[in-house]
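Thanks for coming. Please have the structure open as I talk.

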Amino acid sequence: MMQPLVAYVNHAFVPLDEACVHIEDRGFQFADGVYEVIACFGGVYLDLMPHLQRLQRSCAAIAIDLPKPLRVLKSLVQQAYEKNPFEDAMVYIQVTRGVAPRAHVVDNVITPTLVITVRELPKPSEEKVHTGVKAITMRDIRWKHCEIKSIALLASVMGKQEAVKQGVDETFWLDEQGHVLEGCATNVFAIINGVLTTHPLDHQVLGGITRTMVMDVAKLAGIKVEERSWKLDEQGLSECMMSSTTNMVLPVCDVDGKAVGMGKPGRHTLNIRRMMLEKIDALRAHG
Ligand code: PDD
């Protein structure tokens, strides 16, 4: 039988089955909180500090005190990983403002809720890598602070549900002019006239940690990188890809039922993915 899973909830590690927060937690009642998803490969984290620093920025953006200093959070993540049975793991951290009687404004000082859970790292199937994934587009219906990694994910849940209903993998959000912003849980890129193109960092996209890695790897591969608004019907668009902690980078070969480029994974996408996987193998081998 598998070793029971363990979660960290407000100062203690407890069996996941018994882990709970109060019904008046503001995360439950107002989605008043932020989160992170971090990948761990055989005990070595991919960009742990950038993820924790983003958590710190997200907390600061909504005026929640970071529940622990970064070095303590780092150690708690490590302990959570060690107490759970997965070699390759997905560590989830959630911070909410804390528990208080339900009112929009909190008068007194409350202690933020900190939760850490660990699950097996979900990895995209080989088939998805080889045939590419499919996406649909929807007009962006999210709030105007997408740079904050907020737990208020209703729009993303609706977008993902619509994708699944239509038999595809992801929904890309479009702005009013039809520019591609990002996916429900991914950043999106195109190769346009050989240039890796993605929406610039502003309030309409999350600054993905994997997004940075994709751009760094592309530069190493000699691919020019441009952060600008772009559309799916642009002349010279030959490839599309999406990135996230759990997917790394995946080719997107069909959007709204139309083939992207040649309708199969492009060479730049596959090259970037290969280089990212090599980086992870090196991490696994040398820490
Ligand atoms: N989602 N954009 C959005 C809206 C996201 O929710 C995510 C991640 C990303 C990619 O960020 P990163 O490369 O740092 O994982 C971009 C996580 C994985 C989730 O909600 O499960």
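**Starting at His51**

His51 is found in helix α2; helices here are DSSP runs of H or I with at least four residues, strands are DSSP runs of E with at least two, and both are numbered from the N terminus. Before going on, a word on the source: this is a predicted model, in which local features need pLDDT of at least 70 and side-chain atom pairs count only at pLDDT 80 or more, while totals for chains, interfaces and linings use all residues. Residues are numbered from 1 along each chain as its sequence is written, and side-chain values use heavy atoms, with hydrogens and water left out.

Is His51 buried or exposed? His51 is buried, at a relative accessible area of 1%. The cut-offs are under 20% for buried, over 50% for exposed, and partly exposed in between, with a 1.4 Å probe and protein chains only.

Leaving aside residues up to four places away in sequence, His51 touches Glu36, Val37, Ile38, Leu46, Ile209 and Thr245. Contact here means heavy atoms within 4.5 Å. With one of these, Glu36, the His51 side chain makes a polar contact, side chain to side chain, at 2.7 Å. A polar contact is a pair of N or O atoms within 3.5 Å; within protein, one must be able to donate a hydrogen and the other to accept it, and residues adjacent in sequence count only if both atoms are side-chain atoms.

**The two domains**

How many residues are in contact across the two domains? On the domain 1 side there are 27, and on the domain 2 side 17. Between them the domains bury about 1800 Å², with 71% of that on carbon and sulfur atoms. Buried area is the accessible area, again with a 1.4 Å probe, that two parts lose on being put together, summed over both.

For polar links, the count between the domains is five residue pairs in polar contact, both residues at pLDDT 80 or more. On domain 1, the elements giving two or more residues to the side that touches domain 2 are β3 (33-41), β4 (44-45), α2 (48-61) and β5. The largest share, eight residues, comes from β3.

There is one salt bridge between domain 1 and domain 2. A salt bridge means a side-chain nitrogen of Lys or Arg within 4 Å of a carboxyl oxygen of Asp or Glu. The side chains of Asp88 and Arg284 meet in a salt bridge at 2.9 Å, N to O.

**Other salt bridges**

Searching the whole structure gives 15 salt bridges. Asp88 also meets Lys123 in one, at 2.5 Å, N to O. That pair links distant parts of the chain, with Lys123 in the loop between β6 and α4 (126-131) and Asp88 in strand β5, 35 residues apart. Asp88 is buried at 10% relative accessible area, whereas Lys123 is partly exposed at 49%.

Asp32 and Arg97 form another, at 2.7 Å, N to O. Asp32 sits in the loop between α1 (26-30) and β3, and Arg97 in the loop between β5 and β6, so the pair ties together parts that are 65 residues apart in sequence. Asp32 counts as buried, at 10% relative accessibility.

Then there is Arg211 with Glu227, whose closest N and O atoms are 2.7 Å apart. Arg211 is in helix α6 (residues 209-220) and Glu227 in strand β12 (residues 225-227), 16 residues apart. Arg211 is buried at 2% relative accessibility, and Glu227 is partly exposed at 40%.

**The sheet**

Last, the sheet. Six strands form an open sheet in the order β2-β1-β6-β5-β3-β4, with antiparallel pairing. Two strands pair if DSSP finds at least two bridges between them. The edge strands, β2 (12-15) and β4, each pair on one side only.

Why is strand β6 (residues 113-120) described as largely enclosed? Six of its eight residues are buried, so the rest of the structure largely encloses it. Strand β6 runs antiparallel to β5 (residues 88-96), joined by eight bridges, and pairs with β1 (residues 6-9) in the antiparallel sense over two bridges. Val115 in β6 is the bridge partner of Val9, and Gln94 stands opposite Val115 as well.
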